[in-house]
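Subject: Structure for you to look at

Hello,

Here is the structure I said I would pass on. Please open it and keep it beside this message while you read.

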Amino acid sequence: MDPRQELVSYLRRQLVGPAGGDDETLDAPPDRQYLMGTLYPQEADLQGQLDLAKEEFEGTGTERGAEDTAPASDPVPESNSWLPSSLGFSFYTDAETLEVECSAARYRTRSRSGQRGRTWQRIAIPAETHLLGPDRDQVSVLDSRAELRVTRRDFGNGKLVTVALVNAARHDPALGRSAHWDGMLFQVDLRARPVDGQVLQYPSVRLASRDLEEQELRLQYRHVRTHAVGHGCAVEELRDDDGRAVTGLRPPSCPRPRSPAYGPPA
């Protein structure tokens, strides 16, 4: 592995996880351990999450009670700031049917035997692949913990398609802290590819502009093309063996082995 890819893999393990392997056990809440690739229960607010983390870090444990690790108080109210419960991307295609793959993990909250505090055990949720045609725009996935949603809009000779993965759990303060962590999804991955078509250049009003400077920039950067727009995430293009055609799309999260359906990993 070259040094650049080794650095990228290290950052992914630290920010997305799992840093300690597929069966890791954490001593800190998983949403404090990993800052990316997390889907919270719907209607979970930031202020409530900060309060929850503060209570946990006031207990006992490796980092609990340390002033430099406890969440800092913010004078700005966060009650109307909602935590992300979905991610997805939009792209332009002439295909009618999409192949969508998703995967995630969850962490089971456990009490420490004979002492105060908790631990969090990682449980991988098997990846799923679904074919979504014009008559199928929603499907329950990941042990019914999430939903795949597809929205299609006619545009020119193709369709603008939005694929999203949504956490199906809903935030309920009455259920307690353990239920809140158990309802989160971590190391989320989402992939989509057209089955009977191709990924086309994403439409933009700049492509139709007659401004001389815009035309010059389009000519100068004609090799740079946008194929997707992310919602709550960036988008990585998956290409064929020649590196020319875009065969699929995904958020840049956890690396995976090569798959013939999607081409070599980026």
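Below are some notes on its salt bridges.

The model is predicted. Side chains of opposite charge can pair when their charged atoms come close. In this structure, there are nine such salt bridges.

Start with Glu-236 and Arg-12. Their closest N and O atoms are 3.9 Å apart, and the two form a salt bridge. Since the cut-off is within 4 Å, this pair counts. Glu-236 belongs to strand β11 (residues 236–239) and Arg-12 to helix α1 (residues 3–15), so the bridge ties together parts that are 224 residues apart in sequence. Both Glu-236 and Arg-12 are buried.

Next, look at Arg-149, whose side chain meets that of Glu-147 in a salt bridge, at 2.8 Å from N to O. Is Arg-149 buried or partly exposed? Its relative accessibility is 34%, so Arg-149 counts as partly exposed.

Arg-250 is buried, with a relative accessible area of 4%. Asp-189 is buried too, because its relative accessibility is 3% and the cut-off for buried is under 20%.

Regards

Notes:
Residues are numbered from 1 along each chain as its sequence is written. This is a predicted model: local features need pLDDT of at least 70, side-chain atom pairs count only at pLDDT 80 or more; totals for chains, interfaces and linings use all residues. Side-chain values use heavy atoms; hydrogens and water are left out. Helices (H or I, at least four residues) and strands (E, at least two) are DSSP runs, numbered from the N terminus. Buried means under 20% relative accessible area, exposed over 50%, partly exposed in between (1.4 Å probe, protein chains only).
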